[in-house]
Amino acid sequence: MKKNLVLIVLLATGGTLLAQKATSHIFVFLHKRTDLPELPKAEVDKLMEGHMANINKLAEEGKLLAAGPFEGGGGIFVFNTTNRAEVEEWLKGDPGIQANRWRLEMLTYTPRTGGICKASEPYQMLMYSFVRFIPNIAKFNVEDAPELFGKHERYVKDLIKDGNTIAEGTFGDTEGGIWIVKGEFNKEAVEKAPAVREGLLELDFKQLYIAKGAFCEK
């Protein structure tokens, strides 16, 4: 699959730390499925060829802003819209998605550090550490949620001062967010974030393979 990754094209505009009018996008997780029936290699190759062709087509049309796989399977798309119906229509040209090779999850993403930018050719593919904060709101913690989320944001803001952060942003008040860094996360420090420590946010650590500059990093 990696030999095809250099075909990924990334375009867009970005935001800045805590920008009041940051540009929002539709962020799509392509979650790896473990329940798929086994297909002949030739059929899988054909689906992936169509998948990559649709990625390039949408990028050339200015619809797809960023794309990259996670190590071990799955990946992300970032689209130049906040209209989910548009994204669903654009993805109809992707045979891999139409064959349900991944479980899709669409969220509205607003960057607060970094953004989504055009990657310069020749594309330099890099591996970044990626963590998703997933809300775990229940009756026992819902009353404490606003205060804990506020503490979480202040805590993460302090952590990103180390200079290794590539991007950080939110999926909204109740959908959590992401944080992307160069190198490895200090997982112990991330796990000490107030909302994580109190069980209000769960963590999902991954490695993301994507073109340098996709998040407006130098």
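How many of the 8 residues of β1 are buried? The answer is 7, so β1 is largely enclosed by the rest of the structure; buried here denotes a relative accessible area under 20%, with exposed meaning over 50% and partly exposed the range in between, for a 1.4 Å probe and protein chains only. The model is predicted, so local features need pLDDT of at least 70 and side-chain atom pairs count only at pLDDT 80 or more, while totals for chains, interfaces and linings use all residues. Residues are numbered from 1 along each chain as its sequence is written, and side-chain values use heavy atoms, with hydrogens and water left out.

Strands are DSSP runs of E with at least two residues, helices are runs of H or I with at least four, and both are numbered from the N terminus. Two strands pair if DSSP finds at least two bridges between them. β1 pairs in the antiparallel sense with strand β4 (residues 102-113) over 8 bridges, and phenylalanine 29 stands opposite glutamate 105 in β4. With strand β3 (residues 75-79), β1 also pairs in the antiparallel sense, over 5 bridges; here isoleucine 26 stands opposite phenylalanine 79.

The aromatic contacts come next. Rings of Phe, Tyr and Trp (its six-membered ring) pair if their centres lie within 6.5 Å; planes under 30 degrees apart count as stacked, over 60 as edge-to-face and the rest as tilted. The count by this rule is 11 aromatic pairs. In one of them, the ring centres of phenylalanine 29 and phenylalanine 130 are 6.2 Å apart and the planes stand at 85 degrees, so the pair is edge-to-face. This pair links distant parts of the chain, with phenylalanine 29 in strand β1 (residues 25-32) and phenylalanine 130 in strand β5 (residues 125-135), 101 residues apart. Phenylalanine 29 is buried at 2% relative accessible area, and phenylalanine 130 is buried at 1%.

Phenylalanine 29 also pairs with phenylalanine 171: their centres are 5.9 Å apart and their planes lie at 75 degrees, so this pair is edge-to-face. Phenylalanine 171 belongs to the loop between β6 (165-170) and β7 (177-181), 142 residues from phenylalanine 29. Both residues are buried. Ring pairs link Phe27, Phe29, Phe70, Tyr109, Phe130 and Phe171 into a cluster.

Charged groups also meet the rings. A charge sits over a ring if NZ of Lys or CZ of Arg is within 6 Å of the ring centre and within 35 degrees of the ring normal. The charged end of arginine 132 sits over the ring of phenylalanine 29, 4.5 Å from its centre.
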